[in-house]
Amino acid sequence: MKLAETVTFGGSGLNRAAHLRADAEALARMLEAPETGVIPFWRGKPLISGAERDTLTWLPHGHDIFEHATEDAIFLGLDEGVARFARDISAWEPEEPLETVGAFLDPSEQHYPGMPGTVRFSELRAIMGQINPRNAELAASAKAVMGWHDSHQFCARCGAKSHITMAGWQRDCATCGGHHFPRTDPVVIMLITHGNSVLMGRSPGWPEAMYSLLAGFIEPGETVEAAVRRETFEEAGVEVGHVDYLASQPWPFPASLMIGCHGHATSTALKIDPLEIEDAYWVTREEMLESFAGNNPKMKPARKGSIAHFILLNWLQDTLD
């Protein structure tokens with residue numbers, strides 16, 4: 001697919017400068033440089049500014065907000081030669097209510113004392129379609145790596161507390177000498193078509209009228225194509241023949257790589273597994289156009305910024321090739 005890397009969180013050409021991750025002295029100098037930017041994350045939310053919530057807020061590493069950090073900064077790379085870091089300040093306790101924090105779509109925003117009112121911590125899902133490609137890649141990388149550190153603080157070999165090394169891209173265990181690296185889980189998400197229709201489904205607990213392309217984790221020892229066929233049959237009872245790769249998207253919710261594929265259905269009868277999905281149905285191209293226009297009460301358009309929205313839009317525009 002020629003437009004594959006234009007998907008949100010896609011390749012913006014960020015120089016990750018992995019060769020600097022083991023150079024503690026170089027990293028220390030970069031942190032001190034006046035042009036260097038460090039973005040704070042609070043419970044997975046980046047600090048965002050701007051009336052449209054479309055700009056990452058980069059701060060100097062000496063800002064008092066980082067007094068709430070409990071681990072070192074993560075080096076994200078060089079953005080046109082400027083060093084970019086991220087740091088988790090989840091230990092900070094905001095004044096705003098926290099009832100929706102951690103929800104599927106968290107509408108709440110948190111304001112750090114002393115900052116302008118337009119600068120707030122916002123859920124990345126909510127603003128992912130608004131930030132530019134470079135900021136999207138930086139934010140997705142930071143959120144995914146921070147989420148991994150949060151859930152992998154102890155050595156998987158011996159159970160001892162591990163610590164951050166390699167500028168945030170590794171955890172080491174001083175007890176047994178184990179080395180641990182950020183995890184990415186491969187997931188297939190598939191445009192399953194038959195003639196003029198596409199198969200859409202919804203999971204239990206999703207917001208009303210929210211449907212998306214079917215998706216599922218790839219199992220050990222399984223090819224991408226086999227996963228597309230297996231997941232489609234398990235969830236909806238539809239058999240799939242030929243499978244084409246379309247595009248991929250890093251999806252830091254918490255740490256997946258969405259592998260977009262086009263599967264050609266060889267059957268149309270649906271047999272839904274209620275343990276997998278709540279509902280599924282075939283949607284014609286005309287009905288999908290109505291959904292994208294906001295005129296389909298049964299199905300809202302896929303969220304802008306998601307690979308489902310990206311693939312469906314290209315299907316509607318006949319630009320999958």
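## A tour from sheet to core

Select strand β8, residues 170–172, together with β9: the two pair in the antiparallel sense over 2 bridges. Strands here are DSSP runs (E, at least two residues), helices are runs of H or I of at least four, and both are numbered from the N terminus. Two strands pair if DSSP finds at least two bridges between them. This is a predicted model, in which local features need pLDDT of at least 70 and side-chain atom pairs count only at pLDDT 80 or more, while totals for chains, interfaces and linings use all residues. Residues are numbered from 1 along each chain as its sequence is written, and side-chain values use heavy atoms, with hydrogens and water left out.

**Stop 1**

Pick Asp172. Its bridge partner in β9 is His179. The 3 strands form an open sheet in the order β7-β8-β9, with antiparallel pairing. β7 (163–165) and β9 (179–180) stand at the edges with a single partner strand each, so one side of each has no neighbour in the sheet. Strands of a sheet pair through backbone hydrogen bonds, either parallel or antiparallel.

Next, show helix α3, residues 133–151. Helix α3 lies across β7, β8 and β9 and runs at about 20° to β8. Such angles run from 0 to 180 degrees between N-to-C directions, with axes fitted as lines to C-alpha atoms, for helices over the stretch in contact.

Move to the loop between β7 and β8, where Met166 is found. Phi of Met166 is near 50°, a positive value in a residue other than glycine. Most residues other than glycine have a negative phi. Met166 counts as partly exposed, at 32% relative accessibility. Buried means under 20% relative accessible area, exposed over 50%, and partly exposed in between (1.4 Å probe, protein chains only).

**Stop 2: cysteines**

How many disulfides are there? The count comes to 0, a disulfide being a pair of cysteine sulfur atoms within 2.5 Å. Select Cys155. The nearest cysteine sulfur to Cys155 belongs to Cys176, 3.6 Å away. Cys155 is buried, at 5% relative accessible area. Then select Cys173. For Cys173 the nearest cysteine sulfur is that of Cys158, 3.6 Å away. Cys173 is buried too, at 3%.

**Stop 3: His262**

Jump to strand β14, residues 256–265, and find His262 there. Buried or exposed? His262 is buried, with a relative accessible area of 12%. Its side chain makes a polar contact with the side chain of Thr193 at 2.7 Å. A polar contact is a pair of N or O atoms within 3.5 Å; within protein, one must be able to donate a hydrogen and the other to accept it, and residues adjacent in sequence count only if both atoms are side-chain atoms. Leaving out residues up to four places away in sequence, His262 touches several others, including Leu191, His242, Asp244 and Leu320. Contact means heavy atoms within 4.5 Å.

Step back to the loop between β13 (240–251) and β14 to reach Pro254. The peptide bond from Phe253 to Pro254 is cis, with omega near 10°.

**Stop 4: the cores**

Select Val198, Met200, Leu213, Met288 and Leu312. These have the most contacts inside the largest nonpolar core, which has 48 residues. Such a core is a set of buried Ala, Val, Leu, Ile, Met, Phe, Trp, Tyr and Cys residues joined through side-chain atoms within 4.5 Å. A second, separate core of 24 residues includes Met30, Val38, Met115 and Phe121.
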